[in-house]
Amino acid sequence: MLSKLSKELTYGHFTLWVSLFFLMLICIPRAVLAASPGLTMYDSQGTEVAPGIILQSDAKMTVTGLINHVVVTQRYRNENPFAVNARYVFPLPDESAVHAMTMRIGERVIKGQIDKKQQAEQRFKEAKQAGKQAALIRQQRANLFTANVANISPAQELTIELEYQEIIDYRSGTFAIRFPTTITPRYHPMKGILADNKDVNTQTLAPTGWLSPVFQRRETQEQSAGQFSLTIDIDVGLELVDIQSKYHQVAVENATFGRYQVKLNEESGNDRDFLLQFKPLQKEQAQAAFFTERLENGEQYGLLMLMPPDDYFTQTQRLAREMVFVIDTSGSMHGQSMEQAKSALYYALSLLNDGDSFNIIGFDNKVTVMSEQPVAANDFNLRRAERFIYGLQADGGTEIKAALDTVLDAKEHAGFVRQVIFLTDGSVSNEDALFANIRTQLGDSRLFTVGIGSAPNSYFMRRAADVGRGTFTFIGSSHDVQPKMQQLFNKLAHPAMTQLSLHSNNTALEYWPSPLPDLYFAEPIMVALKLTADDTISLQGRTAQGPLDIKLNSYQGENATGISRLWARQKIKSLLLYNDKQLVKQQVQALALEHQLLSPFTAFVAIEQAATNTPAEYEVQVKNQVPQGLAMRLPQTDGQSRMHILMGCILLLGYSLLRLKK
């Protein structure tokens, strides 16, 4: 039996260890964050030095009609007393057609050349080893790119210019331009295969061809992320109203009628996506717009926007619906994104009608369902749903495939419309596998994606909606939840136009996207097409009231430039979305080279022919800003980080108790 003094010492020892346990729980997140991946360099004496690459980014946009032409300028300045090689992972809009690249070194201007990806990488590698200054631009995803710059001399500034075109968004009478400035961290599911020799096949453990961004810590206020500026010139020939930036401060100038200039009016705006919206001053919404381009070789291309009147839909019969809400509860959603998603779900429940049925599914590295079967939208079930939503917490990995397998059943649903609303930041890197999964499991369901957060992965969400025959909605702020969800539900409440196709005098046209998506309330069709010699174009489809046939004349289109690139970009997108990548590699590569476009199989390379110095020995990766509202407290990869930390602390505590017993 222990004496009173021994008991007090034992109790004090135990209390000390328990206190240390809880202290570790408090301190571990900061320690883990401080150990985030980064580059450490040392001089010849072994003293640690900071990589001094400062990046300044500028974007200059020119909007004419439905086309936005953009020049992105990246200025790399080497603050080190030695030469370095730099790389930078950066986002661009997922529908952008990148068609030109230029490298500037002082007064020297080197025009980038498009080439097959492997050849471009080899040319860059040889120039880098020879001490030549060079730049290589590659596409990792349709919205994610890498810039590699070789042999930047001390105190030197090297500039990379990229040019791209995109079709601006138009819905419900409002134009919108979105420009991503940083990247939400991506999650990649990793699975090992146990071979006969008991070794793990490590080829499946890491994503191939994936260069992850490195994020700077907010509290350090490092300069490596640089500054960001943005200017937009708008020339649509119409007086505009309600020009507003949703998440940034801007200055707007109206020099002449129909011409506007918008400038970003803040220095630290590169931690969230930029979104500008504007409306033309007219009572009636645009019903159709048609632009054409004729090349020197005689080929003619068209860009078509068509949106039937809103009252057409409001007069149609409303169908019974089953709505399934899928919410991402992974670690990357922690903080502001999770609150926005919950608010969107709460508001969506308030919009359900008595004849609707619904269900809610939450997922991270495991799937949690509110009910095994859809339930009626009555008061009891709605209160049950609110309690379910309240209990959702953001943690773990982004295992989207498991959620899709749960919600998509590959069935036909007679008598009602089945609509799946998928709320996520899309922070995954296995997009191609997920697209294939949606194609095979969709049935007659329709998948509508809602992008949540300040910098969501719109590449995944827009293409998932394309394959799912639905649409993509972006919610970047809690203030947008109510109007955006109301707009989405207004659209979903009415039947769609389906089986849409384009013909020229009963001859099939080559148009993209293909197949055409369903058309919903206030949601226009944007189609890039290659025109034939015939002058009559027919849009055919079906509605709840019967067949639809609308005639257009190709000679009525307004002249525009760059439509051929947009057509090629849309064709590449469709080829990759609906086919195995390797099967269409040659076709995509030929299209990209012909139209001078970046693609998964092409790259831009620029090389200064004269060697300026000995090859640089140091590699630097420019850091990205952490997206606004993202709380990167713990490494959220396979969902086991908290469990590992907790188990480690329990083992330490158990070990200390054993020592006490001895």
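Predicted model: local features only at pLDDT ≥ 70, side-chain atom pairs only at ≥ 80, totals over all residues.
Arg469 belongs to the loop between α8 (458-467) and β27 (472-475).

Asn151, also not a glycine, has a positive phi of about 60°. Asn151 is part of strand β10 (residues 144-152). With a relative accessible area of 0%, Asn151 is buried.

## Overall composition

The protein contains twelve helices and 36 strands. Of its 662 residues, 53% count as buried.

## Aromatic pairs

Eleven aromatic pairs are present in the structure. In one of them, the ring centres of Tyr88 and Phe90 are 5.7 Å apart and the ring planes meet at 20°; the pair is therefore stacked, as the angle is under 30 degrees. Tyr88 has 8% relative accessibility and so counts as buried. Phe90, at 2% relative accessibility, counts as buried as well. Ring pairs also bring in Phe145, giving a cluster of Tyr88, Phe90 and Phe145.

The pair of Phe175 and Phe278 has ring centres 5.4 Å apart and planes at 20°, so this pair is stacked. It links distant parts of the chain, with Phe175 in strand β13 (residues 174-179) and Phe278 in strand β18 (residues 274-280), 103 residues apart. Both Phe175 and Phe278 are buried.

A charged side chain is placed against another ring: Arg178 lies over the face of Phe474, 4.2 Å from the ring centre.

Strand β26 (residues 446-452) has seven of its seven residues buried, so the strand is largely enclosed by the rest of the structure. In a regular strand the side chains alternate between the two faces of the sheet. In β26, Arg446, Phe448, Val450 and Ile452 point one way, while Leu447, Thr449 and Gly451 point the other way; all are buried.

Strand β25 (residues 417-424) runs parallel to β26 and is joined to it by six bridges. Thr424 stands opposite Gly451 of β26.

## Helix α10

Helix α10 (residues 563-578) consists of 16 residues. From its first C-alpha to its last, α10 reaches 23 Å, close to the 22 Å expected at 1.5 Å a residue. Because 13 of the 16 residues of α10 are buried, the helix is largely enclosed by the rest of the structure.

Val407 is a residue of helix α6 (residues 400-407). Its relative accessibility of 2% is under the 20% limit, so Val407 counts as buried. Which residues does Val407 touch, not counting residues up to four places away in sequence? The contacts are Val324, Val326, Ile361, Arg418 and Val420. For Val326, which is 81 residues from Val407 along the chain, the separation of the two C-alpha atoms is 8.1 Å.

Thr329 is located in the loop between β21 (321-328) and α4 (336-350). At 4% relative accessibility, Thr329 counts as buried. Leaving out residues up to four places away in sequence, Thr329 touches Met338, Gly362, Phe363, Asp364, Leu392, Gln393, Ala394 and Asp395.

## A cis peptide bond

Trp512 and Pro513 are joined by a cis peptide bond, with omega of about 5°. Pro513 lies in the loop between β30 (510-512) and β31 (525-530).

Terms used: Residues numbered from 1 in each chain as written. Heavy atoms only, no water. Phe/Tyr/Trp six-rings, centres within 6.5 Å; stacked < 30°, edge-to-face > 60°. Buried < 20%, exposed > 50% of the residue type's maximum accessible area, 1.4 Å probe, protein only. Helix = DSSP H or I, 4+ residues; strand = E, 2+ residues; numbered from the N terminus. Lys NZ or Arg CZ within 6 Å of the ring centre and 35° of its normal. Expected span 1.5 Å × (residues − 1). Pairing = 2+ DSSP bridges. Contact = heavy atoms within 4.5 Å.
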